[in-house]
Amino acid sequence: MKDSDTVFMDRALELARAGEGLVSPNPLVGAVIVKDDRIAGEGFHLYERLKHAESYALEAAGESARGAVLYCSLEPCCHEGRTSPCTDAIIESGLARVVIAIEDPDPRVNGKGIRLLMHAGIEVDVGLRAEEARRQNECYIKHISTKIPFAHLILPPSDGDNWRPSQDLLGDLFRYDALVVNSADDAGKAILNSFISRPKHRRAEVIMLEEAHKAAIDDRFARSAAYFNTLDKERGNLSAILELAKERALTSLAIIGDSVLRSTAEIDAIDKITTVRRDDSIEEPEVFSWNDRRVVLIDPKIVATKGTIEVTGYPG
C-alpha cells in the first residue's frame with residue numbers, strides 16, 4: 001500500500017457519507033477511480049438513484065478507467081438485484097487494480113465479489129481503512145448479518161432535568177430508520193422535531209410510548225410525513241420494539257431513554273450508547289454506571305454542550 005492509497009480511500013469514505021439517511025436498507029458506499037495519481041471518476045450510492053457508487057465512478061471515468069485503480073469503501077456486489085452486478089462492469093472496464101476497505105457481509109456477496117475480480121486478473125487489496133469503513137456501515141452490517149436492527153441508546157442526565165442535544169447528536173440520529181421516544185420533555189421534542197424534519201428516502205418512523213405520544217404530538221407533528229407507531233405500557237419494551245422493527249423492515253433504531261429496557265437480554269441488545277452528563281470535569285468520561293453495571297465505552301467521542309457533555313461509544 002502507498003500513502004496515496006490512503007488518501008483516495010479516505011475520499012471514498014467521505015463520498016459514502018453523502019448517503020447517510022438516504023440508503024437504508026442498503027449500505028453506504030463511496031467509490032473513486034484514479035489514473036496516473038489523478039481522480040478520473042467518483043460516485044456514491046443513494047437508494048432512490050438505483051445505481052451503485054462504482055457505476056457512477058465508471059461512467060465519470062469513461063475510457064480512463066482502463067488500467068486505472070478503483071478505491072471502494074465496500075466490496076462490489078456480484079449479484080442481480082435492482083441493478084446488474086458491479087463486478088461485471090468493473091471487469092469489462094479494464095481496471096487494473098481494486099482497493100477495498102471491507103468485505104460485504106451480505107450472504108450474496110461475502111467475498112465472492114473479490115474472488116470474481118481476482119479470477120479476472122485484477123489485482124485486489126482488502127483492508128485499507130477497514131475500521132473506519134465498519135463504523136460507517138455499522139447499522140447495515142449488524143442488520144444484514146443478524147436480521148436484528150442496530151440499536152443506539154441515548155441516556156439523558158440522571159437528574160431528570162431538561163437538556164439540549166448537540167447538533168452533532170442530532171446529525172448522528174438522523175441516519176437511523178426509526179426513533180424511539182420515551183418522554184415528551186423539551187429534549188425529546190427537539191430530537192423528534194429534528195428527526196422528522198430532515199429529508200429521507202423512506203418515511204421517517206417514530207415509535208412512542210402511549211403516554212409520551214399523547215403529550216408530545218401537537219398539530220406540527222401530526223401534519224408531518226412521519227409514520228407514528230404507538231405502544232401501550234405493556235408493550236413498551238425493547239423486545240416488542242424489535243418485533244415491530246422487523247415487521248416494519250427497519251434496520252436501525254435510536255432510543256431516547258432506557259425505560260424500554262426490562263431485562264438483561266434487552267440491555268445486551270444495545271450496540272451503541274450516548275450518555276449525557278452535567279459534569280464536564282469527570283476524569284474518565286468513558287466510564288459510567290448503568291443498571292448496576294460498570295460500562296466502559298470503546299472509541300468514545302466526547303462533545304461538550306452548554307451545561308452537559310455527551311459521550312458516545314460502544315459498550316465494552
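Reader: Which strands does helix H8 lie across?
Author: In this predicted model, helix H8, residues 186-197, lies across strand S7 (178-181), strand S8 (205-209), S9 and S10, and the helix runs at about 155 degrees to S8.

Reader: And what is the order of the strands in the open sheet of 9 strands?
Author: The order is S9-S8-S7-S10-S6-S11-S14-S13-S12, and the pairing is mixed. The edge strands are S9 (227-231) and S12 (287-290), each of which pairs on one side only, and neighbouring strands are turned by 25 degrees against each other on average, if direction is ignored.

Reader: OK, how many bridges join S6 to S11?
Author: There are 4 bridges between S6 (residues 150-155) and S11 (residues 272-277), and these two strands run parallel; as one of the partners, Ile154 has Thr274 in S11 as its bridge partner. Helix H6, residues 138-146, packs on this sheet and touches S6, S10 (252-256), S11 and S14 (308-315), with its direction at about 130 degrees to that of S6.

Reader: Switching to the open sheet of 5 strands, what's the order there?
Author: That sheet has the order S2-S1-S3-S4-S5, again with mixed pairing, and its edge strands are S2 (38-44) and S5 (123-126), while the twist averages 15 degrees from one strand to the next.

Reader: Are S1 and S3 parallel or antiparallel?
Author: S1 (residues 30-35) and S3 (residues 69-72) pair in the antiparallel sense over 4 bridges, with Ala31 standing opposite Cys72 in S3.

Reader: Which helix lies across S1 and S2?
Author: That is helix H1, residues 3-16, which also lies across S3 and S4 (97-100) and runs at about 145 degrees to S1.

Methods
Residues numbered from 1 in each chain as written. Predicted model: local features only at pLDDT ≥ 70, side-chain atom pairs only at ≥ 80, totals over all residues. Heavy atoms only, no water. Pairing = 2+ DSSP bridges. Axes fitted to C-alpha atoms, helices over the stretch in contact; angles between N-to-C directions. Contact = heavy atoms within 4.5 Å.
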